[in-house]
Amino acid sequence: MAQQEFFWMACDSIESARAEYGPFSTREEAELQARRLGFGYLLRYEHLLGEDDQIEDVRTVFLEIQPPASTPLAQWHTRCASCGFSATHEHSWQAEVWADIHEFENSRHLVRLFERTAREGMREVSGWRTR
């Protein structure tokens, strides 16, 4: 009689060249670790075991993790390249308004925009004024 065996992995993408972490015996353990690592997916391996507990078939199922509602997906940072004044914002439109006001009040100042995410860290948004 064939049996099934399941185990869970935390993974960062659904591509073939992905990072996987695990295995875990329950979905809850895998999801907790995936959130800690900033991974967006869970991977469930299903093994169909035949006689002598030999693996006959393997099935993989990807599940996307939804971020918690209270956790912002990104945090926006503005910094003036001329005077060094900076601010942190919850939404990109707030950062743009702050930059517009700062550049209007201070002629010849240039504000740079940065985005911080749990997965990619801090990165500058280049060319954001030309969009």
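The model is predicted: local features need pLDDT of at least 70, side-chain atom pairs count only at pLDDT 80 or more, and totals for chains, interfaces and linings use all residues. Residues are numbered from 1 along each chain as its sequence is written, and side-chain values use heavy atoms, with hydrogens and water left out. Helices (H or I, at least four residues) and strands (E, at least two) are DSSP runs, numbered from the N terminus.

**Strand pairing**

- Strands count as paired if DSSP finds at least two bridges between them.
- Strand β1 (residues 3-11) runs antiparallel to strand β3 (residues 41-49), and nine bridges join them.
- Within that pairing, Glu5 stands opposite His47 in β3, and Trp8 has Arg44 in β3 as its bridge partner.
- β1 is also joined to strand β2 (residues 20-24), by three bridges and in the antiparallel sense. Here Ala10 stands opposite Tyr21 in β2.
- β3 pairs with strand β4 (residues 55-64) over nine bridges, again antiparallel. The bridge partner of Tyr45 in β4 is Thr60.
- The hairpin of β3 and β4 has five residues between the strands, and Asp52 in this hairpin takes a positive phi near 60 degrees.
- In a regular strand the side chains alternate between the two faces of the sheet.

**Helix α1**

- Helix α1 (residues 27-37) has Ala30, Gln33 and Ala34 as its buried residues; buried means under 20% relative accessible area, exposed over 50%, and partly exposed in between (1.4 Å probe, protein chains only).
- These residues lie on the same side of α1 because they cover an arc of only 105 degrees around the axis. The arc is that of the directions from the helix axis to the C-beta atoms.
- Glu28 and Arg36 are exposed on the other side of α1.
- The buried residues of α1 pack against β1, β2 and β3, where contact means heavy atoms within 4.5 Å.
- Gly38 follows α1 and has a positive phi, near 80 degrees.

**Helix α2**

- Helix α2 (residues 92-105) has 14 residues and should span 20 Å at 1.5 Å a residue; its end C-alpha atoms are 20 Å apart, so the two values agree. The expected span is 1.5 Å times one less than the number of residues.
- Ala95, Trp98, Ala99 and His102 are the buried residues of α2. They cover an arc of only 100 degrees around the axis, and therefore sit on the same side of α2.
- On the other side of α2, Trp93 and Phe104 are exposed.
- The cover over the buried residues of α2 includes β5 (75-80), β6 (86-89) and β7 (111-117).

**His77**

- His77 is in strand β5 and counts as buried because its relative accessibility is 13%.
- A polar contact of 3.5 Å links the side chains of His77 and Gln75. Such a contact is a pair of N or O atoms within 3.5 Å; within protein, one must be able to donate a hydrogen and the other to accept it, and residues adjacent in sequence count only if both atoms are side-chain atoms.
- Not counting residues up to four places away in sequence, His77 touches Ala87, Thr88, Arg112, Leu113, Phe114, Arg116 and Met122.

**Arg18**

- Arg18 lies in the loop between β1 and β2 and is partly exposed because its relative accessibility is 24%.
- The side chain of Arg18 makes a polar contact of 2.8 Å with the side chain of Glu20. A polar atom of the Arg18 side chain also lies 2.9 Å from the backbone oxygen of Glu15.
- Leaving aside neighbours within four places in sequence, Arg18 is in contact with Cys11, Asp12, Ser13, Leu43, Tyr45 and Phe62.
- Arg18 and His89 are 71 residues apart in sequence, and their C-alpha atoms are 32 Å apart in space.

**Cysteines**

- A disulfide is a pair of cysteine sulfur atoms within 2.5 Å, and by this rule the count is zero.
- Cys80 is in no disulfide; the nearest cysteine sulfur is that of Cys83, 3.6 Å away.
- Cys80 counts as buried because its relative accessibility is 2%.
- Cys11 counts as buried because its relative accessibility is 0%.
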